[in-house]
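Please consult the sequence and the structure shown below while reading.

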Amino acid sequence: MVIKNLVAKEIFEQSGYSAPEQTAAVKMDANENPFTLQEPLKRRLRERMRGIDLNRYPAAGAPVLRERFAKYYGVKKNMIMPGNGSDELIQMLCMAMKGRIKGVLVPVPTFSMYKIIAINTGNKVVEVPLDKRFDLDVEAITDRIRDNFPALIFLSSPNSPTGNIFSRGKVEAIIKKTPGLVVIDEAYGAFSGRSLIALIKKYDNVVFLKTLSKLGMASIRMGFLIANPDIIAQLDKVRLPYNVNSLSQAAAGFFLDYEGEFSKQIKEIIQRREELYRGLKEIEWIRPYSSLANFIFFSCAFDSNRIYNNLVAEGIAVKNLNLPPLTPNCIRVTVGSKKENDVLLKALKNMTPERGE
Ligand SMILES: Cc1ncc(COP(=O)(O)O)c(C=O)c1O
């Protein structure tokens with residue numbers, strides 16, 4: 001057996017997404033919420049978990065969660081579908097949307113999983129660079145649009161890794177021009193103070209993605225797709241029957257019950273983000289970009305691979321995005337607790353361009 005002869009060429013030739021096992025003391029690479037649950041909330045969650053019958057399958061399609069989260073996001077119950085993280089929902093979209101109109105378009109740089117999932121599900125992918133301000137280049141995008149392409153355009157707003165939101169007018173221009181669906185991924189929306197969810201009432205070809213991963217529950221893998229009921233009905237056929245396990249369903253319900261606690265953490269992260277931004281700005285060889293997410297993207301005046309390695313050696317994990325020509329010598333750091341941000345800033349301040357090169 002020669003595996004190369006059996007596996008799809010596009011899968012064989014790619015390196016895949018690497019999520020390295022992290023043992024770093026200061027974890028600022030995956031855009032998680034740095035705060036864990038405090039007692040007595042932790043105890044209450046444990047009590048709830050104890051009541052679950054592990055011998056039984058979970059509630060198929062998570063109807064209770066649909067109802068509760070539909071209210072939370074201000075949409076009707078038949079407009080929402082839960083997924084095993086929004087990654088799974090991206091995968092469902094890429095599997096299902098292959099009618100007369102095919103393929104995926106993404107502005108770059110953006111969340112790398114859009115391209116990886118699209119390729120793994122047999123889609124053609126077109127990447128269009130963002131403009132100099134990391135906003136959408138509507139002209140370049142519409143230049144690539146055809147009668148039969150693309151079925152999906154993924155827009156992460158705020159965008160990862162750049163941290164900015166896309167102009168509403170530009171998003172709408174793209175929604176109007178494309179023959180397919182525009183997926184607005186608001187994974188980081190809670191940190192931006194802006195949501196475009198109201199567009200769901202205006203256009204029938206927009207889809208929204210939400211996740212609890214950035215809000216304090218990355219471990220439970222819980223994402224939500226919001227779209228008009230016709231789209232949800234088709235995606236529900238692609239969804240595996242028990243895609244969201246019972247423990248995650250219970251934890252997501254718990255999130256809503258104590259949403260106020262999570263909101264406090266989000267407010268604190270926003271405050272820490274501004275402090276971290278100011279701290280990064282003080283370092284002369286760093287150019288941070290202002291962010292409306294829970295991370296900050298910055299470019300370095302010298303080799304970011306060396307900076308990354310130095311940080312790893314000091315037990316600080318960040319995301320190295322030294323990817324020329326779009327993002328040469330760039331790094332993305334997740335906003336941490338005050339202590340974590342201070343550790344990072346101190347480590348960066350101690351690196352001189354000479355030492356880094
Ligand atoms: C823009 C964006 N969308 C989606 C995800 C994945 O979210 P989930 O953990 O819900 O799969 C991420 C994770 O980093 C992300 O950055």
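Helix H6 supplies the largest share of the lining of the largest pocket, namely five residues. Helices (H or I, at least four residues) and strands (E, at least two) are DSSP runs, numbered from the N terminus. The model is predicted, so local features need pLDDT of at least 70 and side-chain atom pairs count only at pLDDT 80 or more, while totals for chains, interfaces and linings use all residues. Residues are numbered from 1 along each chain as its sequence is written, and side-chain values use heavy atoms, with hydrogens and water left out.

The largest pocket has a volume of about 1,500 Å³. Of the 50 residues lining this pocket, Tyr17, Phe111, Ser112, Met113 and Lys319 are the closest to its centre. Two or more lining residues come from each of helix H5 (85–96), strand S3 (104–108), helix H6 (113–120), helix H10 (213–217) and strand S12 (319–320). A pocket is an open set of points on a 1 Å grid over the protein atoms alone, where a 1.4 Å probe fits, with protein on both sides within 12 Å along at least five of seven lines; lining residues have an atom within 4 Å of a point. Grid points are joined across faces, edges and corners, and the volume is the space filled by probe spheres set on the points.

The second largest pocket holds about 430 Å³ of space. Among the 20 residues that line the second largest pocket, Asn33, Phe35, Thr36, Gly216 and Ser219 are the closest to its centre. Helix H3 (41–50), H10 and helix H13 (259–281) each give two or more residues to this lining.

Turning to the cysteines, a search of the whole structure finds zero disulfides (pairs of cysteine sulfur atoms within 2.5 Å). The sulfur of Cys300 has its closest cysteine sulfur in Cys330, 7.1 Å away, which is too far for a bond. Cys300 is buried (under 20% relative accessible area, with a 1.4 Å probe and protein chains only), at 8%. Cys330 is also buried, with 4% relative accessibility.

Definitions and conventions:
Buried means under 20% relative accessible area, exposed over 50%, partly exposed in between (1.4 Å probe, protein chains only).
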